[in-house]
Amino acid sequence: SDGGFDTVRAACALNMSVRKLHRALGERGTSFRRLRKEVLREAARAHLADPDVPVTEIAHRLGFSETSAFTRAFKALEGVTPRDFRMRQSNRR
């Protein structure tokens, strides 16, 4: 999200160096940035599936201090705002 989970924290959680983490991800054809974006996308989509959880709450759950930052990040990933995404999902049901 807003930088709450970076390569240093990820490497530490995995008990490896940052360099080793980058190397391991590169060997798998991905990067930390790409992986983090995908995790953010999937988590946001899952949270937005519950219409009872406000977008503001979702933003905070995902580590964003401002809803507007979450909205910008989500729109960059999905091409629509979280509210528009949610409306489209509810119309498909």
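User: Where is Thr67 found?

Analyst: Thr67 is found in helix 5. Helices here are DSSP runs (H or I, at least four residues), numbered from the N terminus. This is a predicted model, where local features need pLDDT of at least 70, side-chain atom pairs count only at pLDDT 80 or more, and totals for chains, interfaces and linings use all residues. Residues are numbered from 1 along each chain as its sequence is written, and side-chain values use heavy atoms, with hydrogens and water left out.

User: Does Thr67 count as buried or exposed?

Analyst: Buried means under 20% relative accessible area, exposed over 50%, and partly exposed in between (1.4 Å probe, protein chains only). Thr67 has 19% relative accessibility, so Thr67 counts as buried.

User: Leaving aside neighbours within four places in sequence, what is Thr67 in contact with?

Analyst: Contact means heavy atoms within 4.5 Å. Leaving those neighbours aside, Thr67 touches Val55, Thr56 and Ala59.

User: Which residues of helix 5 are buried?

Analyst: They are Thr67, Ala69, Phe70, Phe74 and Leu77. These cover an arc of only 155 degrees around the axis, which puts them on the same side of helix 5. The arc is taken from the directions from the helix axis to the C-beta atoms. On the other side, Arg72 and Ala76 are exposed.

User: What covers the buried residues of helix 5?

Analyst: The cover includes helix 3 (32-48), helix 4 (55-61) and helix 6 (82-92).

User: Why do residues three or four places apart point the same way in an α-helix?

Analyst: An α-helix has 3.6 residues a turn, so residues at that spacing point the same way. Here is a case. Phe70 and Phe74 both lie in helix 5, four residues apart, about one turn of the helix. Phe70 is buried, with a relative accessible area of 1%. Phe74 is buried too, at 2%.

User: How many aromatic pairs does a search of the whole structure find?

Analyst: Rings of Phe, Tyr and Trp (its six-membered ring) pair if their centres lie within 6.5 Å; planes under 30 degrees apart count as stacked, over 60 as edge-to-face and the rest as tilted. The search finds three pairs. The rings of Phe70 and Phe74 have centres 5.9 Å apart and planes at 45 degrees, so this pair is tilted.

User: Which residues do ring pairs link into a cluster?

Analyst: The cluster holds Phe64, Phe70, Phe74 and Phe85.

How values were computed: Helix = DSSP H or I, 4+ residues; strand = E, 2+ residues; numbered from the N terminus.
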